[in-house]
Amino acid sequence: MSRKYWMAFSFILIFIYLLLSLYDSNINYLILASAIFLFGITQCLMKTDMKMIIIFLLLIASVYFIFIPSFSPVDEDAHFDYIMHIVRHRDIPTLFDKIDLDYISQTSNLINAPTGTIQYEAVHPPLYYLMAAVIALFSSHVTVSFYMIRMLGLICFGLTIYLIIKSYKELVEQKVVSENAPLFYGILILFFMSPGIITRMITISNEHLAVLLCTGIFAFWIKFHFNKRFVHLISFSVLTGMVIITKLTTIFIAAVILLYLLTMDTALKKKVKMMVIFSTICILILAPWILFNLHQYHAFTATKLHVEFVRGLLPSQDLNLGSILQYTTDFLMTYWSPQEVIPRKDPFLFFALTLVVFFFWVLMYAFSKCFSGIQDIIYGKSLSIQTFFSIVFLCNIAMLVLGTYSTNISVMIGRYLYISILPIVFLTYLFITKVVLIQYQRLVLAILLIFICLLSSYNIHTLLNSSNNIPDKIITAHLKDSISSKNFSDPKFKRMLDVHNLNNIPYNLGEKSISFINFEGMKNLISNSADLKLNSLTVNKNNDRGINFLVNNQDPHFTFEIPQHTTSMYDYLLITFTKLQENQIAKGQLFWNNGSGFTEEMSLLFDVSIEGVYILPMGQISGWVNSKFINEIRLDIENVSEFSIDRISLEK
């Protein structure tokens with residue numbers, strides 16, 4: 001069996017290599033990576049060993065764990081802030097709270113949320129965030145806590161695969177499906193090698209816990225379907241309550257389970273009893289969250305506030321045939337590839353679209369089984385397993401369509417289907433075994449696996465060239481120990497300096513350099529306070545300790561002109577703070593005007609918490625260097641009521 005798979009893989013891979021060479025002469029790395037993946041897959045299909053397959057998939061997921069940049073997935077920064085709010089304040093955040101960008105930026109500068117953004121993820125129930133907060137308590141270091149929480153996703157990823165394999169064995173034992181272990185494990189690898197599902201499962205969000213809990217619900221439901229044991233009813237009832245208190249939109253699963261219980265081939269009294277038990281458990285688990293919402297928002301959920309916030313960020317969307325087709329294509333595309341890294345050019349677009357077309361046919365198969373299952377219900381028959389899973393799959397999609405239509409905000413994103421991964425794997429297995437001719441099943445699977453390997457290789461290659469991941473943080477930590485004003489212009493430091501938020505680098509750089517800075521030879525650009533243009537600031541006094549500023553309103557800043565020279569004449573800007581409020585974490589922001597006014601793109605953020613010398617390495621900042629001519633500078637200081645600055649100098 002493995003030899004036949006490997007031969008099919010080899011011939012198709014050689015053909016694709018020749019095809020790809022027409023597009024890109026540097027395609028060898030992708031083919032090599034794909035060949036390594038396919039060799040591992042072949043070994044898994046030959047052994048059909050559960051442990052080997054889980055380890056293989058965990059190894060691939062670990063590559064993503066190591067190299068995915070912090071906060072690069074959409075909303076990861078907001079999810080992390082939700083967790084750390086619980087850790088720091090010992091309460092659950094609401095939509096009236098703000099995301100603490102200063103705090104979470106200690107982990108990464110790559111933050112998606114702008115300053116002052118409300119905690120929009122507070123719309124979600126708190127179970128996942130409470131669990132993650134317990135994990136975060138084991139470390140006082142923000143970055144360590146971040147990766148410990150991500151590790152929870154890796155654990156959920158492995159447990160989800162384990163439960164799906166156990167469910168397959170149960171279905172084979174009960175003779176619901178015919179046994180074809182290589183085919184099943186190949187389908188399992190196909191879905192769990194998907195860059196989309198790996199990205200969402202090992203980054204911070206409530207998604208990965210919801211996926212695990214839903215898989216657990218279906219696994220226990222399968223056991224209950226065959227033996228009707230009370231313990232299995234209680235198990236999937238508790239898990240259903242838990243998943244709803246993790247992700248509210250999963251409530252449709254409870255509705256499908258109630259439909260199943262209602263159509264069971266048993267006495268009405270017993271059916272009602274089971275439905276009451278199931279509903280009571282779910283309501284008891286959900287009740288505290290409902291009461292919390294009623295207290296905070298005077299509504300059962302905060303969805304309305306959340307939708308109003310999101311709608312304010314997005315342009316209005318008209319639903320027409322063109323947009324519906326675009327939504328549908330992107331929806332199926334983002335199932336396989338993360339929405340942040342959708343391949344938009346050949347040949348990888350072709351690979352992704354092939355997987356999309358295959359997924360579409362699985363969806364059509366689910367429609368047909370759902371239709372026949374509804375006919376069975378009409379004739380008084382109970383729901384079969386394939387009908388149940390088809391209804392779950394289609395209800396999941398229906399929830400997304402309804403959400404898009406009712407809010408005029410597209411939530412047609414593939415990652416929202418991952419909660420139905422067990423039904424999808426099961427239906428795909430049935431589709432190939434029932435619809436595809438036996439002699440072509442191996443070929444279809446081989447082509448799909450090669451395409452997912454190429455898509456994974458493409459995605460991993462993108463990650464290997466990214467920053468703000470674990471290797472980059474280790475390198476940056478080493479560089480921070482050796483940097484000073486004498487050597488920061490070395491190209492090796494550019495990766496840590498050419499960022500929008502420098503955090504505490506300017507202070508550390510100034511403290512390391514203070515012993516050999518010649519202050520007397522520097523020109524002070526703010527020696528005369530009369531030359532400054534003040535906003536929400538008042539000059540209290542001007543003495544040998546510098547200029548003392550009092551903040552009297554919002555958005556405090558001052559601007560001053562500088563001689564118009566090329567930016568290449570300056571390597572760094574030095575600021576000496578001689579007075580700051582104690583125990584106050586402030587944020588500084590330096591803007592420069594290159595003739596187009598002050599913009600966020602032409603600015604730097606940095607921490608201002610200690611009196612002393614701050615060095616901003618302007619010669620390493622692309623926005624500064626590329627500006628060429630600058631004639632005005634603006635300095636904002638937030639979160640203080642008083643501060644003093646002795647000098648600001650531009651130096652070579």
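Predicted model: local features only at pLDDT ≥ 70, side-chain atom pairs only at ≥ 80, totals over all residues.

**Overall composition**

- The protein chain has 652 residues, of which 55% are buried.
- Counting contacts between residues at least 6 apart in sequence, 77% join residues at least 24 apart.

**Helix α12 and its packing on α17**

- Eight positions can be read off as the buried face of this helix: Phe-252, Ile-253, Ala-254, Val-256, Ile-257, Tyr-260, Leu-261 and Thr-263 are the buried residues of α12.
- The axes of α12 and α17 cross at roughly 150 degrees and come within 10 Å.
- The crossing of α12 with α17 is right-handed.
- On the α12 side, the contact is made by Phe-252, Val-256, Ile-257, Leu-259 and Tyr-260; on the α17 side, by Phe-388, Ile-391, Val-392, Cys-395, Asn-396 and Met-399.
- This contact of α12 with α17 comprises 10 nonpolar residues, 1 polar residue and no charged residues.
- Phe-252, Val-256, Ile-257 and Tyr-260 are buried residues of α12 and also take part in the contact with α17.

**Helix α10 against α17**

- Helix α10 (residues 207–227) packs with α17 at an angle of about 150 degrees, and the two axes are 12 Å apart.
- Because of that angle, α10 is roughly antiparallel to α17.
- α10 passes α17 in a right-handed crossing.
- From α10, Phe-218, Trp-221, Ile-222, His-225 and Phe-226 meet Ile-385, Phe-388, Phe-389 and Val-392 of α17.
- The classes in the contact of α10 with α17 are 8 nonpolar, 1 polar and no charged residues.
- Phe-388 and Val-392 of α17 meet α10, and both also belong to the contact of α17 with α12.

**Helices α7 and α8**

- Helix α7 (residues 142–173) and helix α8 (residues 181–192) have axes that come within 12 Å and cross at roughly 155 degrees.
- The angle therefore makes α7 roughly antiparallel to α8.
- The crossing of α7 and α8 is right-handed.
- Phe-157, Thr-160, Ile-161, Ile-164, Ile-165, Tyr-168 and Lys-169 of α7 form the contact with Ala-181, Phe-184, Tyr-185, Leu-188 and Phe-192 of α8.
- By class, the contact of α7 with α8 holds 10 nonpolar residues, 1 polar residue and 1 charged residue.
- α8 has 12 residues and reaches 16 Å from its first C-alpha to its last, close to the 16 Å expected at 1.5 Å a residue.
- Since 12 of the 12 residues of α8 are buried, this helix is largely enclosed by the rest of the structure.
- The buried residues of α8 include Pro-182, Leu-183, Gly-186, Ile-187, Ile-189, Leu-190 and Phe-191, together with the contact residues Ala-181, Phe-184, Tyr-185, Leu-188 and Phe-192.

**Tyr-418, a buried loop residue**

- Tyr-418 lies in the loop between α17 (385–407) and α18 (421–435).
- Its relative accessibility is 1%, so Tyr-418 counts as buried.
- Leaving aside residues up to four places away in sequence, Tyr-418 touches Gly-196, Ile-197, Arg-200, Val-211, Thr-334 and Tyr-335.
- The C-alpha atoms of Tyr-418 and Thr-215 are 9.7 Å apart in space, although the two residues are 203 apart in sequence.

- His-85 is found in helix α4 (residues 76–89).
- With a relative accessible area of 12%, His-85 is buried.
- Residues up to four places away in sequence excluded, His-85 touches Arg-90, Asp-91, Ile-92, Pro-93 and Asp-97.
- Asp-75 is placed in the loop between α3 (50–67) and α4.
- Asp-75 counts as buried, because its relative accessibility is 18%.

- Most residues other than glycine have a negative phi.
- Asp-75 has a phi near 75 degrees, a positive value in a residue other than glycine.
- Asn-639 likewise is not a glycine and has a positive phi of about 75 degrees.
- Asn-639 lies in the loop between β9 (629–638) and β10 (642–651).
- Asn-639 is partly exposed, with a relative accessible area of 46%, whereas Asp-75 counts as buried.

Notes:
Residues numbered from 1 in each chain as written. Heavy atoms only, no water. Axes fitted to C-alpha atoms, helices over the stretch in contact; angles between N-to-C directions. Helix = DSSP H or I, 4+ residues; strand = E, 2+ residues; numbered from the N terminus. Parallel < 35°, antiparallel > 145°, perpendicular 65-115°, else oblique. Left-handed = near helix turned anticlockwise from the far one by under 90°. Contact = heavy atoms within 4.5 Å. Nonpolar A, V, L, I, M, F, W, Y, C, P; charged D, E, K, R; others polar. Buried < 20%, exposed > 50% of the residue type's maximum accessible area, 1.4 Å probe, protein only. Expected span 1.5 Å × (residues − 1).
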